[in-house]
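Hi everyone, thanks for coming.

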Amino acid sequence: MTIKVIGAGFGRTGTLSLKVALEELGFDKCYHMQEVFAHPAHAQVWHAASQGKAVDWDKLLQGYTATVDWPGCYFYKALLAKYPDAKVVLSVRDPEQWYASALGTIFNAGQGFPVNLIARLVPPIRRFIAMIDSVIWQGTFHSNFADKAYAIAIFNQH
């Protein structure tokens with residue numbers, strides 16, 4: 001099995017709906033951030049990739065025919081180089097609405113005290129948070145997501 005569809009759209013642009021639609025159309029299974037929750041060891045691989053380390057994409061994505069959402073969208077160019085026959089789908093959303101959604105969900109979820117405490121105590125969660133930080137907050141938004149204008153500019157550039 002090989003990757004046939006690469007979702008380049010950021011999270012909060014309908015990627016879960018896109019995942020469901022692709023699977024309904026026969027691109028089963030589709031890799032989404034949910035898969036990292038289901039396979040905690042994947043977080044280390046994505047984190048390593050964000051640090052420039054080599055990744056065995058075939059091994060990581062074994063059994064999948066599509067990928068959408070983070071962390072995959074951050075690596076869409078590397079995935080396209082590995083799977084040149086894949087189609088790239090860019091899901092988009094009104095930038096202001098996207099920012100409000102991302103701020104109110106994925107960004108704020110990682111800012112709270114309980115999450116940080118749990119992350120220190122539970123290694124799989126610590127690895128997951130490290131991956132989120134390196135791929136999304138540092139890698140995509142250069143540790144500047146809280147600056148709305150900057151984050152929207154990155155969204156628009158992407």
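In secondary structure, this chain comes to 9 helices and 4 strands. Please keep in mind that we are looking at a predicted model. If you start at the N terminus and follow the chain, the elements run β-α-β-α-α-α-β-α-β-α-α-α-α.

Now for the sheet. In what order do the 4 strands sit? They form an open sheet ordered β2-β3-β1-β4, with parallel pairing. That puts β2, residues 30-31, and β4, residues 87-89, at the edges; each has a single partner strand, so one side of each lacks a neighbour in the sheet. As a quick reminder, strands of a sheet pair through backbone hydrogen bonds, either parallel or antiparallel.

Let's zoom in on one pairing. Strand β1 covers residues 5-7 and is joined to β4 by 3 bridges, the two running parallel.

Stepping back to the whole chain, how does the radius of gyration fit a compact globule? For 158 residues such a globule would come out near 15 Å, and the chain has 15 Å, so the two agree. Along the principal axes, the C-alpha trace spans about 40 × 35 × 30 Å. Of the 158 residues, 41% are buried. And if you take contacts between residues at least 6 apart in sequence, 75% of them join residues at least 24 apart.

Last, the surface. The chain exposes about 8,300 Å², and carbon and sulfur atoms supply 58% of that. As for charge, there are 14 positive and 12 negative ones, and their mean positions lie 6 Å apart.

Notes. Residues are numbered from 1 along each chain as its sequence is written. This is a predicted model: local features need pLDDT of at least 70, side-chain atom pairs count only at pLDDT 80 or more; totals for chains, interfaces and linings use all residues. Side-chain values use heavy atoms; hydrogens and water are left out. Two strands pair if DSSP finds at least two bridges between them. The radius of gyration is taken over C-alpha atoms; the globule rule is 2.2 Å times the number of residues to the power 0.38. Buried means under 20% relative accessible area, exposed over 50%, partly exposed in between (1.4 Å probe, protein chains only). Contact means heavy atoms within 4.5 Å. Accessible areas come from the Shrake-Rupley method with a 1.4 Å probe; for residues, only the protein chains shown count as cover. Lys and Arg count as positive and Asp and Glu as negative; His and the chain ends are not counted. The place of a charge is taken as NZ of Lys, CZ of Arg, CG of Asp or CD of Glu.
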